[in-house]
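Hi there,

Here is the structure I promised to pass on to you. Please have a look at it first, and then read my notes below.

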Amino acid sequence: MSLAITLATARRIMTQLRHDRRTVALMVLVPTLVMILLYYVMDDERAFGHWSPILLCVFPFLVMFLITSIGTLRERTSGTLERLMAMPLGRLDLLLGYGLAFGLAACVQVALALAVSLTWLGLDLPGPLWPLVLVALLNALLGTALGLLCSAFARTEFQAVQFMPIVMIPQILLGGILVPRGQMATVLDWISNVLPMSYAIEAMAHAVADTDPGGEFWRDVVVVAGSAVLALLLGAATLRRRTS
Amino acid sequence: MMNLSDPAIAVRDLRVARGGAEVLHGLTFEVPRGQVTGLLGPSGCGKTTLMRAIVGVQIVSGGEVSVLGEPAGSTGLRRRIGYSTQSPAVYRDLTVLENLRYFAAVLGAPKDDPERVLAEVGLTGAAYQLASTLSGGQLGRAGLAVALLGRPELLVLDEPTVGLDPVLRQELWTLFHRLAEGGTTILVSSHVMDEAARCERLIVLREGEILADDTPGALREHTRTTDLEEAFLRLIEERAAA
């Protein structure tokens with residue numbers, strides 16, 4: 001592993017994004033636009049207060065998952081991955097480079113969505129802002145890491161995009177958004193316990209509701225961060241120097 | 001420490017299977033240092049697979065490949081080998097210069113290396129062009145430029161002259177010979193026989209086996225023909241008769 005190579009990789013990925021303005025515009029604007037739509041659909045401050053943090057949780061994850069899985073799939077099919085694997089680049093250099101570049105992109109995404117929610121849409125936070133930003137960012141990293149991992153199992157872009165609902169929908173259904181986790185059948189509750197999104201959603205709930213997020217918030221944060229690291233390491237294991 | 005007279009590449013009984021079928025059937029040969037060695041043969045004969053094994057990105061089922069005194073795929077070799085694949089492995093959504101700057105950073109090559117290699121492959125004029133807007137020949141040269149970064153001791157080039165006009169092809173061959181004179185070992189594949197005459201040594205491959213491993217002159221003499229295309233045909237006949 002080398003810091004210089006990791007940073008060069010992150011810079012390269014951001015340059016690629018810079019050349020693709022439409023993607024950047026979509027990435028930055030869509031969560032905010034959906035937030036505004038949600039506000040007018042709910043037409044109720046309390047319901048909006050309940051749903052908006054969930055969106056802030058889901059969006060960075062969703063977008064980063066999609067972009068990363070397509071991005072790494074492109075590296076595999078274009079031969080650039082093979083070229084890099086023949087060079088003195090560590091596998092984690094590549095993965096952390098992606099994590100860093102898309103983490104920064106997620107920061108911009110969340111910053112705008114938050115700014116609009118807190119000002120125009122009147123989202124009220126009793127406590128500080130940073131727990132919310134932290135959770136959103138961790139979710140983006142988790143999405144990036146899982147996207148990298150899933151792209152190893154996709155041969156085509158068609159397959160890659162379909163991993164999104166597979167990874168996303170069960171986590172949303174079981175994450176306690178629609179039905180509180182405690183009210184689910186025992187087996188479903190167990191499954192819910194091993195899905196990282198459940199902890200991300202819980203952490204986000206603490207971040208918006210608590211004046212001073214404490215022990216439970218930190219436990220959730222550690223679980224989400226740990227899942228991201230685990231997915232990143234598994235992703236690294238799927239990158240092979242030698243292929244058939 | 002290794003001797004300069006040691007071969008740059010030594011392959012012994014190399015076997016590779018892909019998709020259940022064996023594509024390289026126990027190859028044994030050496031590539032001398034500081035020369036341009038041509039790897040010739042029709043499409044599908046195993047040239048690319050062999051090159052991948054030398055670079056160390058191919059899973060092999062048997063045999064030994066030693067490159068610059070180390071087993072192929074060793075960490076230490078990653079800075080010493082320049083590899084360009086047949087389909088140009090560059091980022092299409094970056095400019096040529098951005099591509100080179102990134103790969104130079106990964107290799108730890110000098111800051112001015114991107115400009116140097118661009119000039120060497122004659123792409124200076126396209127430095128600020130997005131790779132996706134390049135022609136096929138330009139893309140190929142961009143891929144070749146990446147392989148030249150950091151002045152590697154061994155260049156493994158898979159069909160670098162495909163789709164180029166005769167002037168550019170001539171220029172690239174001049175470049176290869178200049179690099180070889182400077183001590184670089186070059187292994188270059190081609191399916192065009194007329195390029196064979198430009199190599200100092202030829203390895204002719206067909207259906208995963210070596211048909212010939214000699215100098216172009218000796219090959220012409222052996223097959224009693226001046227035309228290398230003809231020589232290739234005679235080698236196949238010879239093999240069939242044996």
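**What I found**

In chain B, the loop between helix H4 (136–148) and strand S7 (154–158) is where Arg151(B) lies. Helices (H or I, at least four residues) and strands (E, at least two) are DSSP runs, numbered from the N terminus. Before you go further, note that this is a predicted model: local features need pLDDT of at least 70, side-chain atom pairs count only at pLDDT 80 or more, and totals for chains, interfaces and linings use all residues. Residues are numbered from 1 along each chain as its sequence is written, while chains are lettered from A and ligands numbered from 1 in the order in which they are written.

Arg151(B) is not a glycine, yet it has a positive phi of about 45°. Most residues other than glycine have a negative phi. Leu68(B), also not a glycine, has a positive phi of about 50°. Leu68(B) sits in the loop between strand S4 (62–67) and strand S5 (70–71) of chain B.

Which of these is buried? Leu68(B) is buried, with 21 other C-beta atoms within 10 Å. Arg151(B) counts as partly exposed because it has 18 C-beta neighbours inside 10 Å. The cut-offs are these: 20 or more other C-beta atoms within 10 Å of a residue's own makes it buried, 12 or fewer makes it exposed, and anything in between is partly exposed, with C-beta atoms placed from the backbone.

**Chain B as a whole**

Chain B has seven helices and 10 strands. Its radius of gyration is 18 Å, close to the 18 Å that the globule rule gives for 242 residues, so chain B is as compact as a globular protein of that length. (The radius is taken over C-alpha atoms, and the rule is 2.2 Å times the number of residues to the power 0.38.) Along the principal axes, the C-alpha atoms of chain B fill a box of roughly 55 × 40 × 40 Å. Of the 242 residues in chain B, 47% are buried.

Four strands of chain B form an open, antiparallel sheet in the order S2-S1-S4-S5. Its edge strands are S2 (21–31) and S5 of chain B, each pairing on one side only. Strands pair if DSSP finds at least two bridges between them; eight bridges join S1 (residues 9–18) of chain B to S2(B).

**Where chain A meets chain B**

How many residues of chain A are in contact with chain B? There are 23, and they touch 23 residues of chain B, where contact is C-beta atoms, placed from the backbone, within 7 Å. H1 (3–18) and H4 (80–85) of chain A each supply at least two residues of that side of chain A, and H1(A) gives the most, with six residues. By class, this side has nine nonpolar, eight polar and six charged residues. Here Ala, Val, Leu, Ile, Met, Phe, Trp, Tyr, Cys and Pro are nonpolar, Asp, Glu, Lys and Arg are charged, and the others, Gly among them, are polar.

**From the record**

The unreviewed UniProt entry annotates "domain: ABC transmembrane type-2" at residues 18–242 of chain A; such annotations use the numbering here with shortened feature names, and may be inferred rather than shown by experiment. That span is 79% helix and 0% strand, with its end C-alpha atoms 32 Å apart.

Happy exploring!

Methods: Contact = placed C-beta atoms within 7 Å.
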